[in-house]
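I opened my notebook to record, step by step, what I looked up in this structure. I wanted to begin with the chain as a whole and then follow single elements and residues.

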Amino acid sequence: YQSDLKQYTAWLVAGDSQMQITEVEEQHVQAYLAHCDDKSYSSRTNARILSVLKRFYRWLVDENLMNANPALQVSAPKLSKSLPVSLSESDVEALLNTPDTNKPLGLRDRALLEIVYATGLRASELVGLTIDQVDLKQGLVILADKTGKERMVPMGKDALSWLKRYLAGARISLLKDKEKSNYVFVTQRGGGITRQAFWYIIKRYADKAGITTNISPHTLRHAFATHLVNHGADLREVQALLGHSDLSTPQIYTHLAKARLQDAQSDELTAECSNTEL
């Protein structure tokens, strides 16, 4: 946001009028967005810039430094609804099988990947997961949203098995002679893993597994939801498991599932044609 504002103020100063930021009117905001469009910024970037300007000018008005918000009535660009990146079930299987489970960190990483794929947890939920949020007897992860509303997500047999192995062995080894930690997934230093470390873990194993798709922790969340839909899960069930308040959000996975099915059918048809003697 700071970078967006710096570029905006630089544009104001560099203009013919050399305008101060508190002298801006609506047409100047529109002119700046047109300038950004000329620089081939994406519609998503332009929408973010406009959001930054609206919030910044709202603050200036609240501080009595301006009388009105010049960005308030400016319309945001329409965003294209692109499908999120996902993985095939074979790609996920390859990813899960990559860590060396004979080593403590490898066993931790296998359990971590299994849990993410089996539950669809957000990155923040995964790295912040504590021992008291895991019910090993019932095989559940128990989470709460910002309002305190609780949601329970089943782990599945395989993920639960790997988690138990990790907790009984590798986690104890990693925490040896260190301060006690309440986090489920810990580092060699004894603390919980960070979001950056989680991202690095997934990227590293994706490279080792030969997955060329540019994936992130959120990709496994998409894969979890898409594969549920592929296997006939109801959208409201997916909504509840993901912790979405709006049903329209999980609907994207229906389109993603259909798109992947069409790709698979196309590949099968191509293979069939190539094997047919003309």
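**Entry 1: the chain as a whole**

Working from a predicted model, I looked up the contacts between residues at least 6 apart in sequence, and 58% of them join residues at least 24 apart. I then turned to the secondary structure, which comes to 11 helices and three strands, and I noted the order of the elements from the N terminus as α-α-α-α-α-α-β-β-β-α-α-α-α-α. I also looked up burial and found that 38% of the 278 residues count as buried.

**Entry 2: the nonpolar cores**

I next looked for the largest nonpolar core, which has 41 residues, and those with the most contacts inside it are Leu112, Leu126, Tyr166, Phe185 and Phe198. Several elements supply at least two residues each to this core, including helix 5 (104–119), strand 2 (140–144) and helix 9 (217–230), while helix 7 gives the largest share, eight residues. As a background note, nonpolar side chains tend to be buried together in soluble globular proteins. I picked out Leu126 and, leaving aside its neighbours within four places in sequence, listed its contacts as Leu112, Ile115, Val116, Leu121, Phe185, Ile193 and Phe198. Apart from this core I found another, of 19 residues, among them Leu33, Ile49, Leu60 and Met66.

**Entry 3: a buried lysine**

Which side chain of opposite charge is nearest to Lys203? I located Lys203 in helix 8 (residues 195–208) and found that Lys203 is buried yet has no salt bridge, with Asp207 as the nearest side chain of opposite charge, 5.8 Å away. A salt bridge is counted within 4 Å, so I could see why that pair was left out. Not counting residues up to four places away in sequence, Lys203 touches Asn214 and Ile215.

Key:
Residues numbered from 1 in each chain as written. Predicted model: local features only at pLDDT ≥ 70, side-chain atom pairs only at ≥ 80, totals over all residues. Heavy atoms only, no water. Helix = DSSP H or I, 4+ residues; strand = E, 2+ residues; numbered from the N terminus. Buried < 20%, exposed > 50% of the residue type's maximum accessible area, 1.4 Å probe, protein only. Lys, Arg positive; Asp, Glu negative; His and termini not counted. Contact = heavy atoms within 4.5 Å. Core = buried A, V, L, I, M, F, W, Y, C linked by side-chain atoms within 4.5 Å.
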